[in-house]
Amino acid sequence: MRGAMFLAAVVLSIGARAVSAETMNELYQRAKAEKSLVIFKGGPVVEYERWGKEFEAKYPGVSVSVTGGFSNVLDAQIDQQLTDKKVTTDFAVFQTVQDFARWKSEGALANFKPEPWDKIDPSFKDPDGAWVAVGVNAMPYAYNPNLVKPEDVPRSALDFLKPVFKGKLIAAYPADDDATLYDFYQIVQKYGWDYMDKYMANQPNFVQGHLGVVRSIASGENLATLDTIANTSLEIIHAGQPQAIVFSEIDPVPVWPLTAAIFKDAPHPNAARLFLNWFMEPEQQSRLAYWSPRGDVARLPA
């Protein structure tokens with residue numbers, strides 16, 4: 001019995017090492033031979049371009065290329081790469097977690113558990129290491145504090161029906177953004193479809209992508225939104241532009257993981273593993289503009 005238990009422990013240890021990282025130096029030496037890392041990032045690329053430059057400085061010899069855009073466009077490009085059996089993307093970071101569940105079921109993802117795996121909440125990682133959250137974001141309200149009076153600051157979805165906001169509301173197209181679609185779904189579940197009739201009667205404006213939403217509010221073209229992305233608004237705030245966010249205490253606030261994965265046929269798998277391990281270190285995670293999935297990293301939007 002003791003012999004069988006020892007053998008089982010050895011097998012489990014080997015299996016764990018198969019999906020865990022080698023030492024960072026070992027990964028770096030292999031990544032240098034690969035020379036490049038190709039990242040697909042849903043949404044604006046500015047944040048990940050900054051991380052890419054830091055990574056390049058930390059690990060000379062590995063260049064980082066970041067392609068940004070809508071997740072529902074980038075995932076189709078990756079699907080085509082998989083169909084053609086010509087994968088050129090190493091690492092993807094999307095809010096559309098369903099893509100990663102689908103890719104795992106298709107056998108397209110590499111199992112890899114960044115260190116320290118046990119510090120990441122189980123709800124934010126695949127048990128086999130096929131995907132993992134690299135950040136946790138939220139969808140609060142946002143408004144222009146220079147143009148919205150304190151008594152008109154939105155505290156619930158019902159506040160967006162006020163006449164003061166007529167023609168001056170903005171949101172991402174729900175058909176383009178699954179988080180916005182879910183936000184409207186929650187509102188309808190609570191207030192009924194009649195809410196949408198009243199909301200549309202207030203003549204809201206719609207754009208593609210949340211970067212356009214926050215820029216419109218900062219410019220004063222529009223006054224408020226019920227579906228900003230927390231870190232996107234925070235980037236605007238930190239840049240000194242007029243923007244404020246509100247986490248409603250009345251209505252549910254959508255919260256979701258920014259999910260990442262490495263593709264099984266990635267051309268630069270070691271560079272991808274090195275980047276993921278590096279990005280999940282406390283030094284990087286503590287500087288996120290949103291929450292960390294690591295339970296030992298205290299970082300809140302401010």
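Biologist: Leaving aside its neighbours within four places in sequence, with which residues is N144 in contact?

Modeller: First, a word on the source: this is a predicted model, in which local features need pLDDT of at least 70, side-chain atom pairs count only at pLDDT 80 or more, and totals for chains, interfaces and linings use all residues. Residues are numbered from 1 along each chain as its sequence is written, and side-chain values use heavy atoms, with hydrogens and water left out. Contact means heavy atoms within 4.5 Å. By that rule, N144 is in contact with I217, A218, G220, L223 and P242, its neighbours within four places in sequence being left aside.

Biologist: Is N144 buried or exposed?

Modeller: Buried means under 20% relative accessible area, exposed over 50%, and partly exposed in between (1.4 Å probe, protein chains only). N144 counts as buried because its relative accessibility is 2%. This residue is found in the loop between β5 and β6 (170–172); helices (H or I, at least four residues) and strands (E, at least two) are DSSP runs, numbered from the N terminus. The side chain of N144 also reaches the backbone nitrogen of N146 at 2.8 Å.

Biologist: What is the order of the open sheet of three strands?

Modeller: Strands of a sheet pair through backbone hydrogen bonds, either parallel or antiparallel. Here two strands count as paired if DSSP finds at least two bridges between them. The order is β8-β5-β9, with antiparallel pairing. Its edge strands, each pairing on one side only, are β8 (224–225) and β9 (244–246). Strand β5 (residues 141–143) is joined to β9 by three bridges, and Y141 stands opposite V246.

Biologist: Which residues of strand β3 are buried on each side?

Modeller: In a regular strand the side chains alternate between the two faces of the sheet. In β3 (residues 91–94), F91 and V93 are buried on one side and A92 and F94 on the other, which leaves both faces covered. β3 runs parallel to β1, with three bridges, and antiparallel to β10, with four. F91 is the bridge partner of I39, while A92 stands opposite A261 in β10.

Biologist: How much space lies in the largest pocket?

Modeller: On a 1 Å grid over the protein atoms alone, a pocket is an open set of points where a 1.4 Å probe fits, with protein on both sides within 12 Å along at least five of seven lines; lining residues have an atom within 4 Å of a point. Grid points are joined across faces, edges and corners, and a volume is the space filled by probe spheres set on the points. The largest pocket holds about 780 Å³. It is lined by 35 residues, with K41, G42, G43, P44 and T232 nearest its centre. The largest share of this lining, four residues, comes from α9.

Biologist: Which residues line the second largest pocket?

Modeller: The lining consists of L82, K85, K86, V87, E106, G107, A108, K264 and D265, around about 150 Å³ of space.

Biologist: What is the phi of K85?

Modeller: Phi of K85 is near 55 degrees, a positive value in a residue other than glycine. K85 lies in the loop between α4 and β3 and is exposed, with a relative accessible area of 74%.

Biologist: Which peptide bond is cis, with omega near -10 degrees?

Modeller: That is the bond from E115 to P116, and P116 has its place in the loop between α5 and β4 (132–138).

How values were computed. Polar contact = N/O pair within 3.5 Å; in protein donor to acceptor, adjacent residues only side chain to side chain.
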